[in-house]
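Visitor: I'm new to this one. Could you walk me through how to read it?

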Amino acid sequence: MTRRVIETLGVVAATLVAAALLMVAPGAQEQPEAGPAAKTAWGDPDLQGIWTTDYAIPLQRPARFAGQAEFTEEERAALDRERAALLALDPRSEAGSEQDVGGAYNRTIFLTHKHTGSRTSLIIDPPDGRIPPFTAEAQARRAAFRRYQLDLLQATDVCKNDMPGCAGGQYGPPSPRRAEPPPSYPTSAFNRSDHPEDRGLGERCLSARLPDFGGAAGYFLQVVQSPDTVSIFYDTGQGQGWQRIIPVTDRPHLPSDVRQWWGDSRGRWEGDTLVVDVTNFSPKTDYQGSRENLHLVERWTRRDAHTLDYLVTMNDPTTWTQPWTVALELSLQSNEANRVYKEPRCHEGNYGLPGLLAGARVEERAFAAGEGPDPATLCTAGCGSAFDGENRDPLR
């Protein structure tokens, strides 16, 4: 039996086990006995270890639970049953279609297998549990990029210019704007494969971000400390982990013309809480519509022997009408039973992106030889998902 077959069988088995685990009532899980928070040898609160979240909590409060800060136990059990059913789905379209081939990619392994948490949103401020509205400036930025995406699609009646719900397939004549650059640095894919940047950050193995609250694919942190530094490795996404270094210092931030992918962090202790101020983000990153003007204030507090509280406030007056705050509870994991491997694993060595671009060149040569459709009329981005609509995770 080949290694690939063994790995595939392992993923299938893990998915079935996870579906069964979601059917167990959340209250049945044993919680470790709490104890005092540890201190380092030099007297600072000890944040070290491997941490993860125990429950699935949506970033924003779902509309169906508007005005409700916490789920009832009955609602949590019902949501667990609803979400467990998604893990058994492998929806496919008409045999031989592009969507049928896409359906062969089992996305259920990237859905969270954790029980529903008690809170209806990670956002605790504003009180409605929702990201504040966009400013007029941010709306204009988003609209410009959206027009650019839709111009490249040139959708026919098949898709009604609705990218997320599009059924895939062939489109109308190529847009005259096809050779134009996008209005801002592309962080999401659009209907072109001329350059790596056309494919967005996810396909380029660059979707790891700050702040990061876990999302569908799981969430682990490994924290290591010294007297002057806190180092955090984020094992997140599809093998897109990254290492973060936080100087604990009173030195000022880098000059404003020095921009970094995950910003410039400066930490300080306020009692038992590590407060981290983060600025200088790159305009090539995007967090919920915010780019280089994103400002984070993080608060890391070791509550007890098993719990780390994380509170972060996002602020960008060019993007949101007000700041907003997220609260996350992390649980300590066993160092003996777990290992975090700090190598990038995205795209199995990142061969996927060169293969995608090479495939686009093959399609172009075939069209030039009269042996296939114009690649510019095919949908290659935003063509729908097996987990949209009725198959969508109710917590996402």
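Visitor: Is Q225 buried or exposed?

Guide: Buried means under 20% relative accessible area, exposed over 50%, partly exposed in between (1.4 Å probe, protein chains only). Q225 has 9%, so it counts as buried. This is a predicted model, where local features need pLDDT of at least 70, side-chain atom pairs count only at pLDDT 80 or more, and totals for chains, interfaces and linings use all residues. Residues are numbered from 1 along each chain as its sequence is written, and side-chain values use heavy atoms, leaving out hydrogens and water.

Visitor: Which residues does Q225 touch?

Guide: Contact means heavy atoms within 4.5 Å. Leaving aside residues up to four places away in sequence, Q225 touches T40, W42, D44, P45, D46, L47, Q48, V230 and W269.

Visitor: And where do the buried residues of helix α2 point?

Guide: An α-helix has 3.6 residues a turn, so residues three or four places apart point the same way. Helices here are DSSP runs (H or I, at least four residues), numbered from the N terminus. In α2, the buried ones are R76, L79, D80, R83, A84 and L86. Down the axis of α2 they fall within an arc of 140° (taken from the directions from the helix axis to the C-beta atoms), so they line one face.

Visitor: Which residues touch the most other members of the largest nonpolar core?

Guide: In soluble globular proteins, nonpolar side chains tend to be buried together. A nonpolar core is a set of buried Ala, Val, Leu, Ile, Met, Phe, Trp, Tyr and Cys residues joined through side-chain atoms within 4.5 Å. Of the 35 residues in the largest one, they are L59, F213, W300, M314, W324 and V326. Another core, of five residues, lies apart from it, and L79 is among its members.

Technical notes
Helices (H or I, at least four residues) and strands (E, at least two) are DSSP runs, numbered from the N terminus.
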